[in-house]
Every structure is written in C-alpha cells, then in structure tokens.
Amino acid sequence: MIKADVHVHSKFSPDSKTEVIFHIEKAIEQRAHSICITDHYDIIYLYKKNDAKEKYKREIDILIGVEVGLLSQFKKQINEFLNRYEFDFIIGSSHFVGNIEPYQSIFWENRSEKEALRNYFESILENVKIFKNYDVYGHLDYYVPF
Ligand SMILES: [Zn+2]
C-alpha cells in the first residue's frame with residue numbers, strides 16, 4: 001500500500017501554524033510514500049478587502065499591496081504573479097541570498113563579514129537590475145537577526 005497525504009496546510013495558510021518540516025517528519029514517521037504541501041491560495045481575500053475599501057472610504061484609503069521576495073531564479077514566476085493582480089503598492093524584498101536567509105548564522109560561516117555583506121548587497125543589486133515592477137525595495141538590513 002502506498003500512503004500519501006496530499007492535503008496539508010502549513011503556517012503559510014491562514015488556518016495553520018504548523019511548520020512544513022513538522023508535516024514532513026510526521027509523514028516519514030508514518031511511513032508515507034509522499035506528501036504534498038497544499039497551502040491556501042484564495043484570491044477572494046483580495047476582493048473582500050476591497051469591500052472594506054468601499055465601506056471605509058470616508059475614513060481611510062485602503063490599499064492592496066504585497067511584499068514579494070525577489071529571487072532571480074524565479075523571475076518568470078514572480079513577474080507573472082505581480083502582473084496577474086492590480087496591486088496598489090509592491091514591496092520588493094530580499095529574503096534569501098541563494099537559498100539561505102541572510103540573518104541565519106550559516107550565512108556568516110566560513111567567510112569574513114565583509115564577504116558576506118558583499119554577497120548580500122550584490123544579490124540585491126542583481127534583483128534591482130532584473131526586476132522592474134515594484135515600488136520600493138524592502139528592508140535593506142534583512143541580514144540583521146531579529
Ligand atoms: Zn520582508
């Protein structure tokens with residue numbers, strides 16, 4: 001018998017706080033053959049917020065924005081996503097350098113601080129050259145642990 005779980009939500013869904021790694025380890029423990037992480041993607045949330053936009057228009061301007069993690073290897077997918085919606089405001093951010101979050105200690109291992117910072121800012125420069133459809137660049141100090 002092949003055991004698989006193909007309906008799993010992680011902390012990236014509004015109805016779950018579970019880490020992806022927890023689901024994976026649980027599936028391995030249960031000797032599952034495969035697991036599919038199926039986080040929510042409900043476009044209606046964007047439109048529901050637009051109801052609020054109308055309801056509160058006399059009190060406040062409600063804008064719909066997004067912070068998108070810019071990564072050159074996902075240029076096509078990121079641009080398709082950003083072009084699909086009419087966001088009022090887009091923050092382009094660097095949350096990863098390669099596949100490492102720069103505030104993690106592993107990013108700083110086996111090289112000087114100067115080299116690590118150079119790597120970090122060069123990846124931002126690469127994003128600035130590649131991506132054109134954001135309004136501001138987010139938190140340039142994302143390498144600082146919070
Ligand atoms: Zn961010």
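Is His 95 buried or exposed? I will start there, and a reminder before I do: this is a predicted model. His 95 has a relative accessibility of 18%. The cut-off for buried is under 20%, so His 95 counts as buried.

That residue belongs to the zinc site. Three protein residues donate to the zinc ion: Glu 67 through OE, His 95 through NE2, and His 139, also through NE2. Their distances from the zinc ion run from 2.0 to 2.1 Å. Written along the chain, the spacing of the donors is E-x27-H-x43-H. Glu 67 and His 95 are 28 residues apart and link distant parts of the chain. Glu 67 sits in strand E3, residues 65-69. His 95 sits in the loop that runs from strand E4, residues 89-93, to helix H4, residues 105-108. As for accessibility, Glu 67 is partly exposed at 38%, whereas His 95 is buried.

Ser 93 is in strand E4, and its relative accessible area is 0%, so it is buried. Its side chain makes a polar contact of 2.6 Å with the side chain of Glu 67. Leaving out residues up to four places away in sequence, Ser 93 touches Glu 67, Val 68, Gly 69 and Leu 70 on one stretch, and Tyr 137, Gly 138 and His 139 on another.

Now the aromatic residues. Searching the whole structure gives ten aromatic pairs. I will show one of them, Tyr 120 with Tyr 143. A pair of rings is described by the distance of the centres and the angle of the planes. For Tyr 120 and Tyr 143, the centres are 5.1 Å apart and the planes are at 70 degrees, which makes the pair edge-to-face. Tyr 120 is buried, at 0% relative accessibility, while Tyr 143 is partly exposed, at 21%.

Both tyrosines belong to one aromatic cluster, together with Phe 107, Trp 108 and Phe 121. One further detail concerns Phe 107: Arg 111 lies over the face of that ring, 4.3 Å from the ring centre.

Methods:
Residues numbered from 1 in each chain as written. Predicted model: local features only at pLDDT ≥ 70, side-chain atom pairs only at ≥ 80, totals over all residues. Heavy atoms only, no water. Donors = N, O, S within 2.8 Å, 3.2 Å for Na, K, Ca; no water. Helix = DSSP H or I, 4+ residues; strand = E, 2+ residues; numbered from the N terminus. Buried < 20%, exposed > 50% of the residue type's maximum accessible area, 1.4 Å probe, protein only. Polar contact = N/O pair within 3.5 Å; in protein donor to acceptor, adjacent residues only side chain to side chain. Contact = heavy atoms within 4.5 Å. Phe/Tyr/Trp six-rings, centres within 6.5 Å; stacked < 30°, edge-to-face > 60°. Lys NZ or Arg CZ within 6 Å of the ring centre and 35° of its normal.
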